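Please read the following account with the model open beside the text.

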Amino acid sequence: FIGVGCIHLVKRWPSIFTKTRQTVLAMGLILTQFGFNYREGDLRSDSFAIDYATMILQALPQNSILLTQGDADSGPIAYANLIEKIRPDIEIRTQSSVFLNKRTFDPRIVTSVEGTRSAITELVKSRGRIFSTRRLDAFVESPPSDLRFRFNGFFYEIMAPNFSEQPPIDLREPAKIFADKIFSGKYASNWPRHRDSITGQV
């Protein structure tokens, strides 16, 4: 918003804001934002994101598909999986099929909730079981009668009707380690809105 305001000023008074002054203004904005936000944005010594992502990824069965939804889970899990190469056998997709290369459907073509619901249902039936860090938005108002759901506290298992029953994935021990770090103050209090959406599950 600050940038938008500056663009408005430059357009309104072009004679005052010469190219040199525009450059100085832009650099000043960048340095100001850097100075005010450096401490909160410096997460080099904070392992919250990688710890959370590793806990989720390591718990999944071999060659699973994991759907994510939102900044709080998509960012850390995609980074751990694609950059740090933690569990490269796991395929990460977003519920909306944007941001990542692996997609359940083409969001330029499938634009309705019904289309999203159908694509995800077909994916589950073809794989037998997939996982999701969040409730499936496409199924909130119309839960499918031919799919089975199970929540273990950190992610959902979505199973096809013919998928043989498996023991629940036990996350109690890694979740306890993660919770101990949270409540002992090991993690910084940065980005509370994103972190609260995760720690609330603990």
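Ile65 has Glu91 as its bridge partner in strand 2. Strands here are DSSP runs of E of at least two residues, helices are runs of H or I of at least four residues, and both are numbered from the N terminus. The model is a predicted one, in which local features need pLDDT of at least 70 and side-chain atom pairs count only at pLDDT 80 or more, while totals for chains, interfaces and linings use all residues. Residues are numbered from 1 along each chain as its sequence is written, and side-chain values use heavy atoms, with hydrogens and water left out.

Two strands count as paired if DSSP finds at least two bridges between them. Leu66 stands opposite Ile92 of strand 2. Strand 1 also runs parallel to strand 3 (residues 129-132), to which two bridges join it, and there Leu67 has Ser132 as its bridge partner.

These strands are part of an open sheet of five strands, with the order 2-1-3-5-4 and mixed pairing. Strand 2 and strand 4 (148-151) are the edge strands; each has a single partner strand, so one side of each has no neighbour in the sheet. On average, neighbouring strands are turned by 25 degrees against each other, direction ignored.

Which way do the side chains of strand 1 point? Ile65 and Leu67 point one way, Leu66 and Thr68 the other way, and all are buried. Buried means under 20% relative accessible area, exposed means over 50%, and partly exposed is in between (1.4 Å probe, protein chains only).

Strand 1, helix 4 and strand 2 form a right-handed β-α-β unit. Right-handed means that, with the strands pointing away from the viewer, the path from the first strand over the helix to the second runs clockwise. Helix 4 lies across strand 1 and strand 2 and runs at about 145 degrees to strand 1. Such angles run from 0 to 180 degrees between N-to-C directions, and axes are lines fitted to C-alpha atoms, for helices over the stretch in contact.

The axes of helix 3 and helix 4 come within 8 Å and cross at roughly 75 degrees. The two helices, helix 3 and helix 4, are therefore roughly perpendicular to each other; the classes are roughly parallel under 35 degrees, roughly antiparallel over 145, roughly perpendicular from 65 to 115, and oblique for the rest. Residues of helix 3 including Ala53, Ile56 and Leu57 meet residues of helix 4, among them Pro76, Ile77 and Ala80. Contact means heavy atoms within 4.5 Å.

In soluble globular proteins, nonpolar side chains tend to be buried together. The largest nonpolar core here has 27 residues, of which Leu66, Phe154, Phe155 and Phe178 touch the most other members. Helix 3, helix 4 and helix 6 (172-183) are the elements that give two or more residues to this core, and helix 3 supplies the largest share, seven residues. Apart from it lies another core of 13 residues, among them Ile65, Leu123, Ile130 and Ala160. A nonpolar core is a set of buried Ala, Val, Leu, Ile, Met, Phe, Trp, Tyr and Cys residues joined through side-chain atoms within 4.5 Å. Beyond four places in sequence, the residues touched by Phe155 include Ile56, Phe131, Ser132 and Leu171.

Most residues other than glycine have a negative phi. Asn63, in the loop between helix 3 (48-59) and strand 1 (65-68), has a positive phi, near 60 degrees. Asn63 is partly exposed, with a relative accessible area of 45%. Arg87, in the loop between helix 4 (71-83) and strand 2 (91-94), has a positive phi as well, near 50 degrees, but Arg87 counts as buried at 13% relative accessibility.
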